[in-house]
Amino acid sequence: MNNLNNEMKLEFLSKSSNEAFARITVAAFAAQLDPTIEELADIKTAVSEAVTNAIIHGYEEKKGIVKIRCQIINEELIIEISDNGQGIENIELAKQPLYTTKPNLERSGMGFTIMESFMDEIEIESIVGMGTKVTMKKTIKNNSETEDALQFATSCD
Amino acid sequence: MESKYYNEEKLLILKLTEEIDECTVQKIRRKADYEIERYMPRKVIFDFNSVTFMDSAGIGLIIGRYRIANMLGGTVEIANVTDSIKKVLELSGLLKIIKITELEEMAG
């Protein structure tokens, strides 16, 4: 991992009150890539969806730990969000827009669709009974100050 | 969430005042349903002016209120959304049935 510019890890209890904390923390970490406001909003929304899934579907509102790992490799932000919950039986079905296992609670079934559209790449790994890991990647377009920002980030080490 | 009802126009304005996600949506839903069932408005406008963040929990919130308002003979519109919230709404197809409207600060 020669090109690893930065990395952080975050663990928290599966409470939906931690969603805001999770997306704000990831956004703060991503800020060093000098994203636009739109890119930052995309990242926050995608993180919020993945964390909601871990809490609502993974742990079904029981207590568990949600883990987030963020890496910056060159201009790419890589976000891994994982749980040790019940896992997804059929990933292809879960990814379908409007598909939800909990329609009675007004879940829109748009979580994975939002993650797919707001990030460049998404990969879902899941083992039933073991848990789920969602990996999302987004390249932050080269804004004029990106180089400066990266230099700044390393210069204060 | 703050609400204001205009009797003459049978208009209910629900002003959302927080970030909308899985955590906050339940309380908003309860309060919105209470207000809609109480006034049976002809039109409900969700004012997003103070909302800086919304994920897919907001989609369910709006569709659910749209169903209830419709059942009671009313419509639902949305006002003052940011570009990023609009993006979430567009992706969900919600804008095919729900209009984004202009809403100025109302007096009284």
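## Basis of the values

The model is predicted: local features require pLDDT of at least 70 and side-chain atom pairs pLDDT 80 or more, whereas totals for chains, interfaces and linings use all residues. Residues are numbered from 1 along each chain as its sequence is written, chains are lettered from A in the order in which they are written, and side-chain values use heavy atoms, without hydrogens and water.

## Composition of chain A

Chain A contains five helices and five strands, taken as DSSP runs numbered from the N terminus (helices H or I, at least four residues; strands E, at least two). Their order from the N terminus is β-α-α-β-β-α-α-β-β-α.

Of the 157 residues in chain A, 49% are buried (under 20% relative accessible area, with exposed over 50% and partly exposed in between; 1.4 Å probe, protein chains only). The chain exposes about 7,900 Å², of which carbon and sulfur atoms supply 50%; accessible areas come from the Shrake-Rupley method with a 1.4 Å probe. Among contacts (heavy atoms within 4.5 Å) with a separation of 6 or more in chain A, 67% are between residues 24 or more positions apart.

## The sheet and its helices

The five strands of chain A form an open antiparallel sheet in the order S1-S2-S3-S5-S4, where two strands pair if DSSP finds at least two bridges between them. Strand S1 (4–13) and strand S4 (121–127) of chain A are the edge strands, each pairing on one side only. On average, neighbouring strands are turned by 10 degrees against each other, direction ignored. Strands S2 (65–73) and S3 (76–83) of chain A are antiparallel and joined by seven bridges; A:Ile68 has A:Ile81 in S3(A) as its bridge partner.

Helix H1 (19–30) of chain A packs on the sheet, touching S1, S2 and S3 of chain A, and its direction makes about 170 degrees with that of S1(A). Helix H2(A) lies across S1, S2, S3 and strand S5 (131–139) of chain A, at about 15 degrees to S3(A). Axes are lines fitted to C-alpha atoms, for helices over the stretch in contact, with angles from 0 to 180 degrees between N-to-C directions.

## Helix H3 of chain B

In helix H3 (83–92) of chain B, the buried residues are B:Ile85, B:Val88, B:Leu89 and B:Ser92. They lie on the same side of H3(B) because they cover an arc of only 95 degrees around the axis, taken from the directions from the helix axis to the C-beta atoms.

These buried residues pack against elements of both chains: helix H2 (37–58) and helix H4 (111–118) of chain A, and helix H2 (56–71) and strand S4 (75–79) of chain B. Just after H3(B), B:Gly93 adopts a positive phi of about 80 degrees.
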